[in-house]
Amino acid sequence: MRRLLALILLATAIAVPAGAVASPAGAPDGFTGLDRRNERADGWSETKTLTRTFVQGDGSTYSFPSYKVTVSADQTRNLRGRQRIEISWKGAQPSGGRAGNPFGENGLNQEYPVVILQCRGVDDPSLPKSKQLRPETCWTGSVAQRSQITRAEGEASWIHDADADAADKERLSGIDPFPSAEQCPTADVAGYYTHLTPFVAAKGTSFSACDAASMPPEAAVGTAAPPAEIAAYTDTDGSGEVQFEVRSDVENESLGCSHKVACSVVVIPIVGLSCDQPQTPMTRSDQACRKGGRFPAGSSNFANEGVDQAVSPSLWWAASNWKNRFAIPITFGLPPDACDVLDPRPPTGFYGSELLAQAALQWAPAYCLNKGRFKFQLNQMSDEAGWNLMENGGGAAAVVSSEHDQRGSDPVGYAPTAVTGFAVGYQVDKPDNGGELTDLRLNARLLAKLMSQSYLGSDLGRGHPGIGGNPLSIVNDPEFIELNPGLSQTSQEAAATLLSLSNDSDIIEQVTDYIAHDQDAMDFMHGKKDPWGMVINPRYRDLELPRADWPLLDTYVPETASECRQNNPGVYFSQLAAPVTTLRKIAEALLDAWPYVATRCEFDTGTNTYKMGRIDRQSFGSRFMLGIVSLGDAERYGLRSAALETKPGTYVEPSARSLGAAVRLADQAKQAHPFALDQADVQRSSDAYPGTMIVYTAARLQNLPEEDAAKVAQFIRVSMSEGQRPGSGNGELPAGYLPIQRTGVTAKLYDSAQDVADAIEEQQAPEPTDPTGNGGGDGGPGGSIVPPGDVPIDDVPSADAGPSAVPTGPAAPIAMPATQPVDSSLAGGLLPLLILLGAAGCLVATVLRVAGPALRRRR
Amino acid sequence: MTVTLEKEKAVPARRPKRRKPAKQPKQSKQPRQQTPKAPLGPPKGADAAATVMSSAFTMIAIVCLWMAAQMLFLGSISQHRAQDLLYAELRHVLAGPPDKAPPVGPVVPVGDPVALLTIPSIGLEQVVVEGTASGDTLVGPGHRRDTVLPGQVGTSVVYGRAATYGGPFADITDLVAGDDITVVNAQGTRVFEVLGVRRAGDPLPQPAADGAGRLTLVTAEGSGRFGAIAPENTVYVDAETKKAFPAPPGRPTVVPESELAMGTDKGALPLLALCLALLLALTLGVVAARQRWSTALVWVVACPLALALSWATTDVVMRLLPNLI
């Protein structure tokens with residue numbers, strides 16, 4: 001007993017100082033990466049006073065109370081396609097009639113929302129008109145969002161807009177001259193009112209937007225990217241916030257925003273149309289203009305009922321709304337292919353981890369646009385494949401995040417390059433239109449349950465032998481409900497799985513290592529029931545952890561009456577898990593709330609066959625999806641990351657502080673080797689994030705061609721200096737990475753990187769050349785990459801192996817490797833055996849034949 | 001597996017006994033017109049067993065000896081014929097017919113002739129075909145598909161059989177440094193000079209100079225008393241030419257396991273099952289026919305079929321065996 005007490009005391013004594021020091025170390029020089037709420041250098045904010053006014057019948061002006069609205073955005077510079085920026089506001093008029101899905105045309109039936117659009121051009125009167133912002137350059141995904149077509153007079157409130165030009169008060173307005181009946185057959189109907197807001201594409205084409213056919217191609221039904229424009233909801237306290245996804249010219253060519261074409265995000269808080277002097281008696285359109293909404297503030301409009309047009313988002317283009325706009329100027333970073341276009345030099349490939357993807361996106365232009373540096377290119381593949389390429393000379397360096405087995409004879413140095421990690425990203429809506437969940441908590445056993453396919457998914461899984469009593473999905477699991485109360489318990493198939501990687505990855509290794517160090521999770525993996533009676537899928541029972549790949553082991557094919565399933569028998573749990581090959585796909589699936597679950601049945605009338613496919617996007621308001629993402633992607637796309645359990649009852653989110661605390665725990669066994677993060681230490685600590693991973697640049701310390709060695713050393717040094725400056729510009733470190741600095745917790749990483757850079761550049765113990773002649777992997781076609789287990793003959797250096805092929809001097813014979821034996825006992829033994837057997841068969845048969853009658857005769 | 005013979009009059013059975021036909025493809029004998037005139041007494045258990053054993057061992061002997069005979073002797077007949085046809089085809093292709101592209105790589109259809117290999121000192125003249133799976137090397141030496149074609153810049157690897165199906169590479173271990181190897185391919189003629197014979201443990205040859213072409217002939221050899229028919233270890237003969245033809249880029253970087261040295265082609269198993277089923281069907285057919293027609297007539301009809309099927313079956317079996325023997 002006394003010993004136990006002493007142990008506890010000792011443990012606290014160790015833990016407390018560690019936690020105490022971590023906070024000052026992580027905080028100082030403004031790690032901005034992981035905490036999006038921090039004030040950013042490129043943030044934006046503006047305040048305006050918005051007032052709705054009516055000109056009364058007697059000519060006097062009546063003003064409603066004003067709203068002093070402040071709009072701010074967290075980042076506006078060097079954005080990338082599909083990046084999400086956080087826009088928040090306060091002081092606006094509370095909204096009413098909240099829609100289930102505020103995006104695109106689904107958000108039109110709301111009152112007093114805040115309309116947020118992406119538009120080409122900026123609000124700067126000094127610029128030529130073509131670079132200015134107009135309603136015509138603002139993107140909407142549907143006609144109904146920009147044009148009012150053949151409205152009865154009671155729905156034509158815009159013709160009394162106090163701020164509108166005389167032309168816009170006509171029965172037909174918006175385009176001059178108005179399109180003919182052939183161009184827009186439905187637009188001009190006598191007695192009805194129409195206003196068109198055409199869309200002018202980046203190349204100058206004008207789309208009249210009078211029906212779906214006269215919209216730009218990206219606005220077609222079912223386009224690749226769902227609508228981003230939003231009619232957002234203001235809470236009753238006048239504030240609101242939303243994550244707005246920006247689109248570059250890669251995603252939306254007609255809108256055409258890029259690093260060359262300036263764009264803005266336009267935020268229009270709707271306070272209602274201002275109306276001009278009415279006729280007496282008031283016409284129906286006069287009355288329509290003066291309406292003030294039928295929904296009380298804070299109410300919902302699930303039935304999608306009609307709303308008062310004068311306070312709806314559909315008239316965002318009307319002059320009195322448009323003048324209330326906040327135009328947030330945004331700039332885009334270089335497109336991902338900038339280096340291919342701008343730099344003709346051949347790239348030097350670094351091969352490996354996708355964890356570095358977002359950093360490499362920003363780093364690459366700092367190399368290719370600087371003639372003093374080499375052209376850096378990160379080729380993403382599994383860590384193991386990148387490592388193999390580096391070892392056999394196919395690539396200058398590998399990008400890995402854990403120690404790998406060395407197969408070649410050359411020593412390899414690991415230089416720390418970035419501190420980042422994985423996150424369990426989620427997209428979860430609170431029930432009853434309560435908005436997005438922002439704090440999800442998970443523990444190792446829940447991850448083990450998800451990954452071991454122990455949730456049933458739907459009633460189809462009930463027949464699975466051994467686990468028929470398990471919950472359908474994580475939202476029905478009492479353990480999850482206890483951790484995350486207040487969520488909807490309506491099960492969906494996507495909630496039974498964690499979207500993960502199908503190939504080998506250091507990330508999977510880290511996730512499984514986290515599970516392997518949790519006693520409860522391992523008890524579950526070994527077949528023990530959890531306190532609520534849930535058992536593991538027997539196929540995954542006693543699976544060896546940690547491991548770099550997660551196999552699909554289940555074989556259960558449900559028996560159902562569904563004809564489609566009978567025609568496409570498939571392993572149900574594998575269809576639920578449906579792992580993908582890259583983290584980027586997982587991030588985009590989360591962004592779109594579009595799981596990869598492949599259980600949708602379709603009947604193709606053309607071929608009369610059933611087929612299985614990916615299920616539909618989840619509908620806004622009832623989304624539930626989990627996936628493993630990199631911290632870089634999570635920050636870029638504004639995905640939310642779950643807090644993971646460390647000590648029992650302690651849940652740690654990825655943040656600068658928690659990454660720093662984990663780096664503090666990591667230690668290096670040997671110089672130039674990786675820093676190992678022991679999950680056992682993490683689970684004892686109260687503030688270290690278990691998903692922290694250090695990404696290394698690994699390169700050979702011997703026999704690397706001099707040219708490559710210089711490039712790798714340069715890369716390590718540059719990424720340790722300017723590459724660790726947080727920011728969104730070229731060469732800077734994006735959000736989601738903890739900067740490695742000369743001082744503080746990351747000092748050991750910094751020192752190690754400098755040492756390894758020197759060692760790589762020196763190439764100690766230089767030998768004449770690389771005898772296997774594999775140095776020029778980027779040279780000759782077909783390469784000289786030796787697949788493991790190949791016949792030795794391939795070790796003969798090809799003469800076409802490229803620049804590094806060595807001229808043979810008669811003077812210095814090169815020590816060549818020995819020929820490997822390739823033997824086959826089958827080949828050696830077959831013919832003698834056949835002949836022997838044949839001879840023996842003849843002999844025995846003859847003896848039997850001769851001896852048989854003789855025997856009989858004797859009898 | 002061949003259906004054959006058995007003249008087992010030893011026991012004139014009075015009636016066809018129920019016997020498992022699949023196990024021993026020997027047909028029931030002389031059913032009717034058999035006058036039970038001089039029975040030596042009812043067959044005893046021991047006699048019946050002796051008969052069965054004798055037939056079984058006869059079958060084993062026939063199967064083994066047929067296979068050995070085809071691998072060592074009959075196979076060379078078909079290999080020589082295939083070489084004749086390939087030679088004519090290569091001649092045609094090298095003449096540049098309008099309907100067929102000459103084989104210069106990087107990808108040549110498997111089984112097409114790609115070069116003519118002549119080694120005067122050991123009297124070898126063989127047409128090299130594309131592909132090194134055991135089925136490909138039945139007709140002649142095979143060129144490994146992830147290497148350049150013989151005569152092109154780089155290292156070209158050619159696999160040849162050592163003992164069976166003509167054993168075209170049986171004698172290449174007799175080559176000594178300095179011997180000439182002439183290669184005619186679609187780009188012209190090159191003479192290679194042998195660098196030496198290389199076995200497991202020997203160092204690889206020095207890297208080739210720029211523009212040089214290497215040719216590595218690969219086969220197997222055995223040691224000891226039965227060395228000639230027990231080729232167990234791979235052996236390599238390296239040769240070099242100073243100036244080779246340019247090699248087009250884009251050839252495959254890997255070949256399937258069946259095309260590596262000593263590789264076997266498991267893909268032939270279904271075909272083997274089919275061949276064996278046909279043999280079984282023939283056996284049953286012979287049994288049925290003998291109920292109706294005279295023995296002589298049945299055998300006149302069945303023998304060619306049996307031979308052809310056995311031959312084809314052995315060819316398929318060869319694909320399941322290593323590609324260098």
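Q: Which residue of β29(A) is the bridge partner of Val400(A), and what makes β18(A) and strand β29 (residues 692-700) of chain A a pair?
A: In β29(A), Val400(A) is bridged to Tyr696(A). Three bridges join β18(A) to β29(A), and the two run antiparallel. The model is predicted, with local features requiring pLDDT of at least 70 and side-chain atom pairs pLDDT 80 or more, whereas totals for chains, interfaces and linings use all residues. Residues are numbered from 1 along each chain as its sequence is written, chains are lettered from A and ligands numbered from 1 in the order in which they are written.

Q: What makes strand β16 (residues 348-352) of chain A a partner of β18(A), and in which sense do they pair?
A: Three bridges connect β16(A) and β18(A), and the sense is parallel. One of the bridge partners is Ala397(A) in β18(A), which stands with Phe350(A). Strands of a sheet pair through backbone hydrogen bonds, either parallel or antiparallel.

Q: Why are both faces of strand β18 (residues 397-400) of chain A called covered?
A: Ala397(A) and Val399(A) on one side, and Ala398(A) and Val400(A) on the other, are all buried. The term requires 20 or more other C-beta atoms, placed from the backbone, within 10 Å of the residue's own; exposed residues have 12 or fewer, and partly exposed ones lie in between. Since each side of β18(A) carries buried residues, both faces are covered.

Q: What makes helix α9 (residues 506-516) of chain A largely enclosed by the rest of the structure?
A: Of its 11 residues, 10 are buried, so α9(A) is largely enclosed. Among them are Asp506(A), Glu509(A) and Asp513(A), together with Ile507(A), Val511(A) and Tyr514(A).

Q: Which elements do the buried residues of α13(A) pack against?
A: They pack against β19 (412-428), β23 (624-630) and α14 (631-636) of chain A. The buried residues of α13 (residues 583-592) are Leu583(A), Ile586(A), Ala587(A), Ala589(A), Leu590(A) and Leu591(A). Ala593(A) follows α13(A) and has a positive phi, near 50°.

Q: Which strands form the open sheet, and in what order?
A: The four strands run in the order β12-β6-β14-β15 (chain A), with antiparallel pairing. What makes β12 (230-232) and β15 (326-330) of chain A edge strands is that each pairs on one side only. Five bridges join β14 (residues 263-269) to β15(A), and Ser264(A) stands opposite Pro329(A) in β15(A).

Q: What makes α1(B) and α3(B) roughly perpendicular?
A: Helix α1 (residues 45-94) and helix α3 (residues 295-319) of chain B pack at about 75°, with axes 10 Å apart. Axes are lines fitted to C-alpha atoms, for helices over the stretch in contact, and angles run from 0 to 180 degrees between N-to-C directions. Under 35 degrees counts as roughly parallel, over 145 as roughly antiparallel, 65 to 115 as roughly perpendicular and the rest as oblique; the angle of α1(B) and α3(B) therefore makes them roughly perpendicular. Trp66(B), Met67(B) and Gln70(B) of α1(B) meet Ser310(B), Trp311(B), Thr314(B) and Val317(B) of α3(B).

Q: What is the pLDDT over residues 1-39 of chain B?
A: Chain B averages a pLDDT of 84, and 86% of its residues score at least 70. Residues 1-39 of chain B, however, are below 50, on a scale of predictor confidence in each residue from 0 to 100. Where pLDDT is low, the predicted coordinates should not be read in detail.

Technical notes
Two residues are in contact if their C-beta atoms, placed from the backbone, lie within 7 Å. Two strands pair if DSSP finds at least two bridges between them.
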